Every structure is written in structure tokens, then in C-alpha cells.
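Colleague: I am new to reading protein models, and I would like to go through one with you, feature by feature. Could you show me the structure before we begin?

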Amino acid sequence: MSYQPVTTKLRPSGLWYVLGALSIAAGIGALVAAIVIGAARMSDTVDNFTRFTVGRDGVVATVDFARPGTYTLYYEYPSGADEARRKIPGDLVVKIEGIDAVAVPFAAGGDEVSFSVGASKRAGRSAGEFTLPVAGKFDIQVTGGQANAPYDMAVGKGVLESFGRTVVVGALVGAVLGLLGLLTLILTFVKRKRAKRIGQARAAAWSVDGGATPSPIGPTDATAGWPPAPMAPAPAA
């Protein structure tokens, strides 16, 4: 009687390859979604800026700030303006004071950030930053740039702030999902390869053994004959 080796399916299941790939795809999707959402939020941020128009004689605009912190003052221009119109006027002067006439330092220049977003195709470039110690009303005086007047100035938090937060969160989520998916693929490949190698080794050993087991009936000595020779009749008395 012969016996055949029992064949088993490789473990873990190949379904884990699919799960790993889906996890990586979800990570990429999370990053793409974060970029899209961040861009939409950036557009909303720009649309919600406080704006005032600067004429040839300049302007003093009173702005009510809901909370303290660092704000950016943007010089705005038509989205289709030429390069000369896009440049911040070299004679632009900004002064900021609180109701108590305390001056707030204004740092002109700095990190230059430009934007062109929103349904109205607003475009602008950062003219500088200032930090308010408290919330409340502040007077912003802007003069200069007569050649470009009238033009708008916009005040608000940096346009990259909300975009950056959203993208960072999306990148973290995407990185976690992508890493989990990659680890799943690697571990599945390694474990299945090991299981396959063990299965092949067992099959090879079975093949060498012949795949047969000794019969439970009969001698186990390979030199003994089987079946046994017939016995000779006993001599007559």
C-alpha cells in the first residue's frame, strides 16, 4: 500500500497582497485628497481676507482683529497684470498703530509668497508681516505706489498656513497607510516563500522515500523471501 503526501495551501493567503496594495493606494489617496482640500481651504482663506483700497494719497484703514498673532499684509493686483504691475511698489510705506497709538513693528519683505486663487482670480504678493500682542482694532496706514493706484491691500493669516496643516496631516496619514501596506507585502512575500520552500523540501523527501510504507503484514527483513516457500511434507513413519 502506498501513501501520497497531503498538499496544503500556502500560508498566509495571497489575499494579503491585495490588502497591502489597497493600503498603499489608500495612503496615496489620502495625500492627494489632503492637497486638494488644502488648496480649497487656501482659496477660502484668501477670499476671507480683510481688504482695503489704497488711492494715490494713501489710506488709513481700521481693521478689527479677532485674535492676536502674526499676520501678513498682501499687495494685490489683477491676475492678468504684467510683471511690472505685479511688483510691490518700491516706495510702499506701512505703519500700524493700536487705538492707544502704540506702534506695531512691521517687517517688510521677508518670505515672499504669491497667490492667484479664488473665484474672482485674486492675485497678490506678501508685502510683510506684523505681530499683534492683543486682539482688537488697529489702524493700518499705507502710502506709496501712486503709479499703481488704486490697488488693494489684504490682511490675514499666511495663505500657506491652512494649506500646510492640511497637507501635513494628509502626508502623515498617507505615510502610515503606505508603510503598513509595504510591510504587509514584504511579510506576505517572505512567509509564503518560506512556506513554499518547506513544502518543496517535504515533497522532495517523500519522493526519495518512494512514497511507500512497509506493509503491516510480512517480514521486515529485506533479505527474507515473501511469500514464504511451501513446507516439504513430513517423511512417512
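Modeller: What follows is a conversation about how to read the features of this structure.

Modeller: This is a predicted model, in which local features need pLDDT of at least 70 and side-chain atom pairs count only at pLDDT 80 or more, while totals for chains, interfaces and linings use all residues. Residues are numbered from 1 along each chain as its sequence is written, and side-chain values use heavy atoms, with hydrogens and water left out.

Colleague: How many helices and strands are there in the protein, and in what order do the elements run from the N terminus on?

Modeller: Helices (H or I, at least four residues) and strands (E, at least two) are DSSP runs that are numbered from the N terminus. Here the protein has three helices and 10 strands, and their order from the N terminus on is α-β-β-β-α-β-β-β-β-β-β-β-α.

Colleague: How should I read the pairing of strands, and what is the order of the strands in the open sheet of four?

Modeller: Strands of a sheet pair through backbone hydrogen bonds, either parallel or antiparallel. Two strands are said to pair if DSSP finds at least two bridges between them. In this structure, an open sheet of four strands has the order 2-9-4-5, and its pairing is antiparallel. Its edge strands are strand 2 (59-65) and strand 5 (103-104), each of which pairs on one side only.

Colleague: Which strands pair with strand 4, and over how many bridges?

Modeller: Strand 4 (residues 93-98) pairs with strand 9 (residues 136-143) in the antiparallel sense over six bridges, and two bridges join strand 4 to strand 5, which also run antiparallel. Another bridge partner in strand 9 is V142, which belongs to V94. Strand 4 and strand 5 form a hairpin with four residues between them, and A101 in the turn has a positive phi of about 70°.

Colleague: What are the two faces of strand 4?

Modeller: In a regular strand the side chains alternate between the two faces of the sheet. In strand 4, the covered face holds V94, I96 and G98, whereas the uncovered one holds V93, K95 and E97.

Colleague: How is burial judged, and how many of the residues of strand 3 are buried?

Modeller: A residue is buried under 20% relative accessible area, exposed over 50%, and partly exposed in between (1.4 Å probe, protein chains only). Of the 237 residues of the protein, 29% count as buried. Strand 3 (residues 69-78) is mostly covered, with eight of its 10 residues buried. Strand 3 pairs with strand 8 (residues 122-132) in the antiparallel sense over 10 bridges, and four bridges join strand 3 to strand 10 (residues 151-156), again antiparallel. Within these pairings, L73 has G128 of strand 8 as its bridge partner, and Y75 stands opposite M153 in strand 10.

Colleague: How many salt bridges does the structure hold, and which side chains meet there?

Modeller: A salt bridge is a side-chain nitrogen of Lys or Arg within 4 Å of a carboxyl oxygen of Asp or Glu. The structure holds one salt bridge, in which the side chains of R51 and E76 meet at 2.9 Å, N to O. Because R51 lies in strand 1 (residues 50-54) and E76 in strand 3, the pair ties together parts that are 25 residues apart in sequence. R51 counts as partly exposed, at 24% relative accessibility, whereas E76 is buried, with a relative accessible area of 6%.

Colleague: Which residues form the nonpolar patch on the surface?

Modeller: Patches are made of residues with over 30% relative accessible area and no salt bridge, where like charges are joined within 9 Å and nonpolar side chains (Val, Leu, Ile, Met, Phe, Trp, Tyr) within 5 Å. Accessible areas come from the Shrake-Rupley method with a 1.4 Å probe, and for residues only the protein chains shown count as cover. The nonpolar patch is formed by L15, W16, V18, L19 and L22, which together have about 490 Å² of accessible area. W16 is found in helix 1 and is partly exposed, with a relative accessible area of 43%.

Colleague: Where is P150, and what is the peptide bond from A149 to P150?

Modeller: P150 has its place in the loop between strand 9 and strand 10, and the peptide bond that leads from A149 to P150 is cis, with omega near -5°.
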